[in-house]
Amino acid sequence: MTISTEPDTGPESGLDDVLADIRACRACLGQLPHTPRPVVMVAPQTRLLICGQAPGRRVHESGLPFTDPSGVRLRDWMGVDEATFYGDPRLGVAAQAFCFPGTNPKGGDYPPPRRCAELWRPRLLAELPKVELTLLVGGYAQVWALGDRARSNMTETVRAWRDYAPAILPLPHPSWRNTAWLRKNPWFEAEVLPYLRQRTAEILA
């Protein structure tokens, strides 16, 4: 029996390399009010990729994506429980920026820095060939991914969700700050959420 000493250059090895580089990234060191802590959760099996904006403070502290009230709402939207969300490798999370950008004294968090997406997203997405559906959560993620295809604002982009199906589904951010938006836009719950839950169930079937 011959044991190869050549390095593994398969897809899993390539993804492992990218993830190791992302988690070691300190490109924004000194520009953030804290030590960078990149948070990403993907696997070679990932078929549904959630692209949010950036981790919040609770996610920065936990090291896992969506360990906050936004995550509770997002999982409800998708129709999955916590164990499935974190335990099924077919679900992945790779935000627009991987590190918590800090809290804006005027309210909310600072926007995700473009530098992070420019550094890492093309390389990471190239290692996730099985992704069938990407959820673009929030306006920043939508503008980055859709470019000129994005509408004039987040509401109009989400309203035009059928134009991006089946590979992309734009969503509002599940933050509690958007509760008023959800009340003003009942079509989202009536039209978009059934589709999201159906696609999620199909991918996990």
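In strand S3, Leu136 is the bridge partner of Cys51. This is a predicted model, in which local features need pLDDT of at least 70 and side-chain atom pairs count only at pLDDT 80 or more, while totals for chains, interfaces and linings use all residues. Residues are numbered from 1 along each chain as its sequence is written, and side-chain values use heavy atoms, leaving out hydrogens and water.

Let's start with the sheet. S1 and S3 pair in the parallel sense over four bridges; two strands pair if DSSP finds at least two bridges between them. The open sheet has four strands in the order S2-S1-S3-S4, with parallel pairing. S2 and S4 stand at the edges with a single partner strand each, so one side of each has no neighbour in the sheet.

Strands here are DSSP runs (E, at least two residues), as are helices (H or I, at least four), numbered from the N terminus.

| Element | Residues |
|---|---|
| strand S1 | 48–51 |
| strand S2 | 91–93 |
| strand S3 | 133–137 |
| strand S4 | 168–171 |
| helix H9 | 186–204 |

That core has 28 residues, and its largest share, eight residues, comes from H9. A nonpolar core is a set of buried Ala, Val, Leu, Ile, Met, Phe, Trp, Tyr and Cys residues joined through side-chain atoms within 4.5 Å.

Thr134 lies in strand S3. Thr134 is buried, with a relative accessible area of 15% (buried means under 20%, exposed over 50%, partly exposed in between, with a 1.4 Å probe and protein chains only).
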